[in-house]
Amino acid sequence: MFRELGHKYVAMKYDYQAEFKAWPIGLLIALVSAFFGLVFAAPGEIKIYAENLSDEIVGKIALAGPMANTIFALIFLAIAALTAPLKSNSSVFELIFLISGVGFSVNSFLAAFNLLPIYTLDGLKVIKWNVGLWLVVFSISVIMMLLSITIGVENMVKFLIDMHL
């Protein structure tokens, strides 16, 4: 949801009217896919009411969503790093650590996925505006996602703690 709010905030920053439009079929797909262990959520989109938007404005609005996911991923990683030393002493801190790890992984994936240069996703809109910026942001999100998949959040946190960050 914060991803969509990121789009809305940037659109409103440029004085465009923007509102969330629910997609009932997307909500149904999310519900059904959850029963199969993989949630594909597409609850809706931000509709911007404007004509003749420049590629720059469209790119900035599009980039806001994946950037919200990236920021949340890093916040979750920081929370995981702060709670990791305490998790062996408390089931509450262990739960917070686990939720934070999942939050990092999910948000990293969402940022990378939405930056794919595919029609309707944010990546193509960002590329039309600024290829170099897209490459940097997409690379960072893919690296974060791959670290989550390959070494895992727990090992990432151990590395951060060992580095005294």
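Let me start with a term: a residue is buried here if its relative accessible area is under 20%, exposed if over 50%, and partly exposed in between, using a 1.4 Å probe and protein chains only. Phenylalanine 138, for instance, is buried, with a relative accessible area of 17%. I'll come back to that residue.

Now some ground rules. This is a predicted model, so local features need pLDDT of at least 70 and side-chain atom pairs count only at pLDDT 80 or more, while totals for chains, interfaces and linings use all residues. Residues are numbered from 1 along each chain as its sequence is written, and side-chain values use heavy atoms, leaving out hydrogens and water.

Okay, the overall layout. The chain has 7 helices and 2 strands; those are DSSP runs numbered from the N terminus, with helices being H or I of at least four residues and strands E of at least two. In sequence order the pattern goes α-β-α-β-α-α-α-α-α. Of the 165 residues, 34% count as buried. If you take contacts, meaning heavy atoms within 4.5 Å, with a separation of 6 or more, then 66% of them join residues 24 or more positions apart. The accessible surface, from the Shrake-Rupley method with a 1.4 Å probe and, for residues, only the protein chains shown as cover, is about 10300 Å², and carbon and sulfur atoms hold 71% of that.

So what's inside? A nonpolar core here is a set of buried Ala, Val, Leu, Ile, Met, Phe, Trp, Tyr and Cys residues joined through side-chain atoms within 4.5 Å. The largest one has 11 residues, including Leu77, Phe97, Phe104, Met144 and Met156. Helices α3 (55-83), α4 (91-114) and α7 (152-162) each put in at least two residues, and α3 gives the most, with 4. There's also a second, separate core of 7 residues, with Leu63, Leu115, Trp134 and Val137 among them.

Have a look at α7. Its buried residues are Gly152, Val153, Met156 and Val157, and they pack against α3, α4 and α6 (131-150). Leaving aside residues up to four places away in sequence, methionine 156 touches Leu77, Phe104, Leu147, Ser148 and Ile151. After α7 comes histidine 164, which has a positive phi, near 60°.

For patches, residues need over 30% relative accessible area and no salt bridge; like charges are joined within 9 Å, and nonpolar side chains (Val, Leu, Ile, Met, Phe, Trp, Tyr) within 5 Å. A salt bridge, by the way, is a side-chain nitrogen of Lys or Arg within 4 Å of a carboxyl oxygen of Asp or Glu. This patch includes Met67, Ile71, Ile75 and Phe93, and its residues together have about 610 Å² of accessible area. Isoleucine 75, in helix α3, is partly exposed at 43% relative accessible area.

Last stop, the rings. Rings of Phe, Tyr and Trp (its six-membered ring) pair if their centres lie within 6.5 Å, and planes under 30 degrees apart are stacked, over 60 edge-to-face, the rest tilted. We have 2 such aromatic pairs. Phenylalanine 109 and phenylalanine 113 are stacked, 5.8 Å centre to centre with 20° between the planes. They sit 4 residues apart in helix α4, so about one helical turn separates them. Phenylalanine 109 is partly exposed at 42%, and phenylalanine 113 is too, at 31%.

Then there's tryptophan 134 with phenylalanine 138: their ring centres are 4.8 Å apart and the planes are at 10°, so that pair is stacked. Both lie in helix α6, 4 residues apart, about one turn. Tryptophan 134 is buried at 12% relative accessible area, and phenylalanine 138, as promised, is buried at 17%.
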